[in-house]
Amino acid sequence: MKKTIYLSIIFLILLITIFLIFFAGFIKISDKRIFYIGSKEKALKEFFEKEKYEIINDYKNKYKDDYLYYFVKDIVQSDYPYLNLKEKKYDFDWKDLSDFYIDKIKNTDNEDKKMYLLNEMISFLNDSNIKIDSNHDNFYNLTLPIKLKEFGNDIKIETYNIHAIEFQDNIQIGDTLLKIDDIPIDEIIQEISSKTYYGKVKNGKDLILKKIFNLYNFYIKDEKYDSSTLTLKDSEQNEYTISQKYNPNDIYFKNNSFMINEYAYNSTKNNFEIFDKDIGYLKIGSFEDENFEKFIQNIELERTKGLIIDIRGNSEKSNEKNMFLLLSKFMNTNDEFLYKRIKNSEFLHIFGRNSNDYPNDIEFNGEFYPDIKLNYEPSNNKYDNPVILIIDNINYNSSDLFIYYFKNNSIGKVIGRNTIMNIGKTFDIKFDDIILKFPYLMYLNHYKEILEEYEIKPDIYIPYTDNEVRGEDIIYETSFNLILASIEQK
């Protein structure tokens, strides 16, 4: 009897041991060890959800209603992959900059104003991939559809948007802005500089001019209002005034870049047409279209003698697969390649696990994971007719990568305006009624040089003109004539 009991106990211990070997274990995460039974992935998910809750709760307990602002300050400081690059390029120290805005936020009672200040703090990173989505009143984000630039001692109109509202006929590119609501423009710039961090950085005036009407609304007018009266001077030194209505920022800007043509600059649709002389026109408004692969497969490039690819306004999220699918139509070699480098931290694992392609590997060794080479399958039937690529300053993420490959492999001519590469992937960090979109990786060329902030200059630069602003697509017309000439010469 005793022997039977003894054998039963041994058998039970053996079964438990076998069960633990195959169905249980320990996971080491930083200085923590997690015992789990059953699904390892489920245990990890539960662990990270608990950690996420505890981190946010700690911020709430420590900073009360201002916890979000401190959270953003800290996660940028510790885990934003481009921080060193941005600090050097734009001459700021994030700790000093964020402390400056946190002080302003703490001394502000209005929640909408707090959110405005938080967004202004983030804007110094010049990265469209890090942003706040919220339901807060955005009346402080009102602006006028005019882009200004300093020429010598004057502030002149570089371009304007006539598609959203009607301007008086006398406004022209190159006119000088003298006053806003009878306040001299120099006084406005000086006051904004004194009230913001723009006055502390070397390119502060340029940054102010990019959003001067919005800053004027917030820091000087400080109220909801409909319009401003502008005093301008034309090329013949004649002064005139116009009264213009304010509208939300996103009517005139897309990811912080100015739009002047509703179709070419704001369309997210993909389209293919064949025009006169067998010239193909391929509009790529988004690489994120769920039917992108089918769309590309149905393009009849063989019917064209030349092709215009219009990628203006394409600033959707990164989709490497679809970008390479299009690129493969024009390349039969994989010599030019890129890498992506993913930021590695326990903090990002807690908030980013299972988001896009953030790694599930939980070994926290080193600041970044090993670089990942981006490969694609070159085409066996490369398109060999003349190609022109139209670009602008509203290209981000996958469209920037496409432009980089296109230009560096000399696939064809690039026409349009300079674009500064702004590429990354993000995951969402969710709070009560707010979502922080946070980037976690960077892209590098085959020399391992960071591509963020890399300027791509077109082969043919097309300046803004009043004809274009008023409806004529100068860039497309130039491209059509050039592709026609290339076909005739072939």
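E300 and R303 pair up in a salt bridge, with their closest N and O atoms 2.8 Å apart. Bear in mind that this is a predicted model. Across the model, the count comes to 25 salt bridges.

**The E158–K147 pair**
- E158 sits in strand β6, which covers residues 154-160.
- Its partner is K147, and the closest N and O atoms of this salt bridge are 3.7 Å apart.
- K147 belongs to strand β5 (residues 146-151), so the bridge ties together parts that are eleven residues apart in sequence.
- Is E158 buried or exposed? With a relative accessible area of 17%, E158 is buried, because the cut-off for that label is under 20%.
- K147, on the other hand, comes out as partly exposed, at 22%.
- Leaving aside residues up to four places away in sequence, E158 touches K147, L148, K149, I173 and Y464.

**The K221–D181 pair**
- The side chains of K221 and D181 form a salt bridge, at 3.9 Å from N to O.
- K221 is in helix α9 (residues 212-221) and D181 is in the loop between β7 (176-180) and β8 (183-184), so this bridge links parts that are 40 residues apart in sequence.
- K221 is partly exposed, with 26% relative accessibility.
- D181 is partly exposed as well, with 22%.

**A salt-bridge network**
- Which residues are linked in a network of salt bridges? K283, D310, R312 and D473 are.
- As background, side chains of opposite charge can pair when their charged atoms come close.

**A buried lysine, K340**
- K340 is part of strand β17, residues 338-342.
- At a relative accessible area of 7%, K340 is buried.
- What does the K340 side chain make a polar contact with? The answer is the side chain of E320, at 3.3 Å.

- Mean pLDDT for the protein chain is 83, and 81% of the residues reach 70 or more.

Key. Residues are numbered from 1 along each chain as its sequence is written. This is a predicted model: local features need pLDDT of at least 70, side-chain atom pairs count only at pLDDT 80 or more; totals for chains, interfaces and linings use all residues. Side-chain values use heavy atoms; hydrogens and water are left out. pLDDT is the predictor's confidence in each residue, from 0 to 100. Helices (H or I, at least four residues) and strands (E, at least two) are DSSP runs, numbered from the N terminus. Buried means under 20% relative accessible area, exposed over 50%, partly exposed in between (1.4 Å probe, protein chains only). A polar contact is a pair of N or O atoms within 3.5 Å; within protein, one must be able to donate a hydrogen and the other to accept it, and residues adjacent in sequence count only if both atoms are side-chain atoms. Contact means heavy atoms within 4.5 Å. A salt bridge is a side-chain nitrogen of Lys or Arg within 4 Å of a carboxyl oxygen of Asp or Glu.
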